[in-house]
Amino acid sequence: MSRVPGNTILLLRSAFQKIIPMVDKEIDYWRSRAEQIPNVELRTQATSSIDSKGFHCKGGGIYALIAEAKDREAITFIVAYQTICDYLDNLCDRSTSLNPDDFRLLHQALKDALTPENEIINYYRLREEQDDGGYLAELVAACQGVLKNQEEYRYIEQQVWQLEGLYADLQVHKHVKIEERIPRLTGWYEENGEKASDLSWYEFSAAAGSTLGIFCLVSYMLGGKIDSNNAQNIYSGYFPYMHGLHILLDYYIDQ
């Protein structure tokens, strides 16, 4: 019987003894903020996204091990960014709108979260529900606060923007009226096929739906282990194949 390497055991122990409790603390904070949202519909979607998808933050939080001494900053970013993703997914999938322009504006929050110099705007401008008590703006600001003044962010910003752009496109195209979804997704794939020419349209769509590459890049940056070459290698290592495997397995398990 093969033995688990000692360094793997140490990493697992660190994850469960240190990282997961810090992730849980962050999740608890954002759930308390979600419970304070004045608008009933926005509050419902925010709290339910945390209750049903909080495990996404725990999985992503493991990447904070790469950040080493800055693991707390990595967790702050990962939990806030993933919470935005899950909240917006609920707003697009389970809420009151089927407007692609609304979905696009909501997902501007993710681009702003990755762009510290961007001003926070009213991401709800194209929907009926408006008052979230500053919840989404605070999530965006939390991400910006981690990335702000990080000199090495310049090495990864193009890669994280590309991954975020694909994720946002996917969320827009897959949440419109049912009859429009496949035509939009296949057309989008044809426009971007050079990024993954050996994948089918649905495999490409799955690859766009993962946040793991962003978490890995940010954690490497915070750990002081990044340069332009490493950033591109990480990007290529995650997109499209690791991302695609992640989301296709997720969909399969959901079935």
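Reply: Happy to! Let's start at a loop: Glu-68 sits between helix H3 (64–67) and H4. Please keep in mind throughout that this is a predicted model. Glu-68 has a positive phi, about 55°, even though it is not a glycine.

Helix H4 (71–93) is among the elements that give two or more residues to the lining of the largest pocket, and the others are helix H2 (40–61), helix H7 (157–174), helix H10 (212–222) and helix H12 (241–254). The space in this pocket comes to about 830 Å³. Its lining consists of 31 residues, and those nearest the centre are His-56, Ile-247, Asp-250, Tyr-251 and Asp-254. H2 gives the most to this lining, with six residues. Sorted by class, the lining of the largest pocket holds ten nonpolar, twelve polar and nine charged residues.

Helix H1 (6–34), H2 and H4 are the elements that give two or more residues each to the cavity lining. Here too H2 gives the most, with four residues. The cavity lining divides into five nonpolar, three polar and one charged residues.

The crossing of H7 past H10 is left-handed. On the H7 side of the contact are Gln-159, Val-160, Leu-163 and Glu-164, and they meet Gly-213, Ile-214 and Leu-217 of H10. By class, this contact has four nonpolar, two polar and one charged residues.

H10 has another partner, helix H11 (residues 228–238). The axes of H10 and H11 also come within 9 Å and cross at roughly 160°, so these helices too are roughly antiparallel to each other. This crossing is right-handed, whereas that of H7 with H10 is left-handed. Leu-212, Gly-213, Cys-216, Leu-217 and Tyr-220 are the H10 residues here, and they meet Ala-231, Ile-234 and Tyr-238 in H11. The contact of H10 with H11 divides into seven nonpolar residues, one polar and no charged ones. Gly-213 and Leu-217 take part in the contacts of H10 with both H7 and H11.

Beyond H11 the chain comes to another loop that deserves a look. Phe-239 and Pro-240 are joined by a cis peptide bond, with omega at about 10°. Pro-240 lies in the loop between H11 and H12. H12 then takes us back to where the pocket was, as one of the elements giving two or more residues to its lining. Ile-247, Asp-250, Tyr-251 and Asp-254 are among the residues nearest the pocket centre, and H12 spans 241–254.

Key
Residues numbered from 1 in each chain as written. Predicted model: local features only at pLDDT ≥ 70, side-chain atom pairs only at ≥ 80, totals over all residues. Heavy atoms only, no water. 1 Å grid on protein atoms, 1.4 Å probe; cavity = no way out; pocket = protein on both sides within 12 Å on 5 of 7 lines; lining within 4 Å. Points joined across faces, edges and corners; volume = space filled by probe spheres on them. Nonpolar A, V, L, I, M, F, W, Y, C, P; charged D, E, K, R; others polar. Left-handed = near helix turned anticlockwise from the far one by under 90°. Contact = heavy atoms within 4.5 Å. Axes fitted to C-alpha atoms, helices over the stretch in contact; angles between N-to-C directions. Parallel < 35°, antiparallel > 145°, perpendicular 65-115°, else oblique.
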